[in-house]
Amino acid sequence: MGIIHGEEMVLNIGPQHPSTHGVLRLKVRTDGEVVSDIYPVIGYLHRCFEKHCENVTYEQVIPYTDRCDYVASMNNNLGYAITVEELMGIEVPEKVEYIRIIMAEFNRIASHLLALGTYGLDVGAFTPFLYMFRDRERILDMFELICGARLLYNYIWVGGVSHDLPKGFVETAYGFLDYFEPQVKEYNNLLTYNKIFIERTADVGVMPPDVAISYGVTGPNLRGSGVKWDIRKDEPYSIYNKFDFEVPVGKGELGTVGDCWDRYWVRMREIEESVKILRQALKALPKGGDVHQAIPKKIRPPKGSIYKRTESPRGDLAYYITSDGTPKPYRLKMRSPAFTSISVLNEISRGWMLSDVIAILGSLDIVLGEIDR
Amino acid sequence: MTVDALYHWLNETFPFLSGNEILIVLAILIPSVALFMVIAVNALVLVYAERKVSAFMQDRVGPMGQGVGLHAGKWGLLQTVADALKLISKEDIIPRLADRKLFIMAPFVIFVGAFIAVIALPFGETIIIADMNIGIFYILAVSSFGVIGLILAGWSSNNKWSLYGGMRSAAQIISYEIPAGLSLITVIMLTETLSMQGIIQYQSGGLFSWIVFSSPFSFIAFIVYFIAAIAETNRTPFDIPEAESELVGGFHTEYSGMRWSFFFLSEYANMLVVCGVAVTGFLGGWQSPIPGYFNTAGWSIFWFISKILFLVFVMMWVRWTFPRLRVDQLMDICWKYLLPIALFNIFGVGIWTLIFG
């Protein structure tokens, strides 16, 4: 490719485009079909998250965190809640910890299903997308059972959760897991090991480990490059150290380590690992206990600051909070994993074709709500 | 019922007009209108089928007529009618910087390409509009006429996405015409005729005298032709000219309303044509699979259409199962696989005919 050089032109992908996963604009310099430079323009969804947080109380920040990574709200809630808890030194009951892990892992599955489904859509496979959405729907039904919301939950609060588990939830959850586990095989048959899908994704958009690390890429994208780094394992928060699960990394099974297929495959494997965690958590879930017991009457952390990171479905999600002793945070900064993922786009998709850029962008699994905040 | 036969019939029925030019016009107009109806009904049926097939494959129910008042009939049977009404009533937008003349012309050029190909399709022993002695050659020639329309649409829209789509489709359709033509040559070698009716007459005598089963090479030729046919109709996995997730809509990005629906109409008409050629060339055309039975004129239409619908169903099946290829992989498949196989096939069929023929 690229032997014959023609006139270059600038192509605008987005902000309204079927495959930019939100309102992202890509300024792409192309020579025919071959892309020579990509400049992502972000900010179309900027809602001043951090500035807003300085003007509301600590409790009122939680709904804002929902709206950052809106496909994995539980994980955002969890990250924020444990950061404030650590700042205030709150110990939450064991039952709350278990409920949180269950919710976070269910949301991780839902988020990965969305990522994989839309990735299929990006490379032209429509049917797997609907299969995955069908199964994601059942997770959302469970969330609706718990807190009434299907997308933005505001469920995990500082010191507890908003509602106790409803009657029959554990059975519903087991029922879902029993139904869901064989589905992964179906996805693999339909999409993962499809010849055309492999042609489109293997060896495409290779992100070597050193590039990934130097750009600060985290989460499944980093693990796709073969780096074994998962905060749930390496810096355990909440009660993740109690569970037995593996951290899947890309091995370059069908191409080079760090290609689009590896990133896809890591997500697929993580779904299986999440199911493993869920089974253990549901088994060990304490029966009794009040989920509102540890919720403080007034959230007024002592002076000081804290930086705490958690593993969201997109990677290393961290909150930096500076408190001046008032009920409102003095400064709140969110480290968004999708933001670092999009920054590597230009580096790994230069020289590929236009169709590949869409495939690479999809494999990075970005959520614009989190990038723009 | 060819145009010639119709003309003679009109001459005999209306002796007072005998030899008048009006009869020539009528003899051309009547089949054209009938053909337009065939294409319109074809699109109606296939759009509905596509919706339902995709829905059942994706664990959905597709369009359903539930509720009171305006709804799409039982099982959503009127969904396509509703779609058509919507398209007719939509605003017709022509971009300010578009090349107006070409922009308006393009959908018609594409449609004409599909339309004039249908006239050579034999629906029965006598039910054919133009029984040319070079029928199959004619269809191959005019079906590439649509490419001009695609390029016109892509260029005149003054949109980079459309331009990409137009260029991609031109490259794709022209490339895939070669393996398609070469695999049809094997049919011509066996039947020793270019006439559509002649090819079908050769295959009389039931299921096992169909060309697709006559030798392993002709079976391969059928597969090659069918793959090329899917590519020629721009359907997944070869839908890169449209490539919704990359090029938004490709060459028809800027089209709306009725103009856009002409692209749609011709896409489904093209499916009819390529499947019709496949049925004629390989699956015995309007011949019944059981020799001597079900071979009246009515049955012949039934056989021809049901064979076409079967192939169309396979196309839909493929479409809703596979991802899309990249543009260079598409060319690889054509030039590195299909073309050598098709060439080898001609050789193979020749030797097979020499030994067993």
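The model is predicted, so to speak of local features a pLDDT of at least 70 is needed, side-chain atom pairs count only at pLDDT 80 or more, and totals for chains, interfaces and linings use all residues. Residues are numbered from 1 along each chain as its sequence is written, chains are lettered from A and ligands numbered from 1 in the order in which they are written, and side-chain values use heavy atoms, with hydrogens and water left out.

**Where chain A meets chain B**

- Chain A brings 35 residues to the contact and chain B brings 25 residues, where contact means heavy atoms within 4.5 Å.
- About 2,600 Å² is buried between chain A and chain B, with 59% of that area given by carbon and sulfur atoms; buried area is the accessible area (1.4 Å probe) that two parts lose on being put together, summed over both.
- There are 12 residue pairs in polar contact between chain A and chain B, both residues being at pLDDT 80 or more. A polar contact is a pair of N or O atoms within 3.5 Å; within protein, one must be able to donate a hydrogen and the other to accept it, and residues adjacent in sequence count only if both atoms are side-chain atoms.
- On the side of chain A that touches chain B, strand 1 (9-13), helix 4 (94-122), helix 5 (127-147), helix 6 (169-192), helix 7 (195-201) and helix 14 (354-364) each supply at least two residues. Helices (H or I, at least four residues) and strands (E, at least two) are DSSP runs, numbered from the N terminus.
- Strand 1 of chain A gives the largest share of that side, 5 residues.

**Salt bridges**

- Over all chains there are 42 salt bridges, each a side-chain nitrogen of Lys or Arg within 4 Å of a carboxyl oxygen of Asp or Glu.
- Between chain A and chain B the count is 3 salt bridges.
- Arg326(B) pairs with Asp356(A) in a salt bridge, with the closest N and O atoms 2.9 Å apart.
- Glu33(A) and Arg168(B) form a salt bridge whose closest N and O atoms are 2.6 Å apart. This pair crosses between chains, from the loop between strand 2 (25-31) and strand 3 (34-41) of chain A to helix 7 (residues 160-191) of chain B.

**Two loop residues**

- Ile90(A) sits in the loop between helix 3 (73-88) and helix 4 of chain A.
- Leaving aside neighbours within four places in sequence, the contacts of Ile90(A) are Glu85(A), Val158(A), Gly159(A), Ala294(A) and Pro296(A).
- Thr193(B) belongs to the loop between helix 7 and helix 8 (196-202) of chain B, and its side chain reaches the backbone nitrogen of Ser195(B) at 3.0 Å.
- Not counting residues up to four places away in sequence, Thr193(B) touches Ile188(B), Gly198(B) and Ile199(B).
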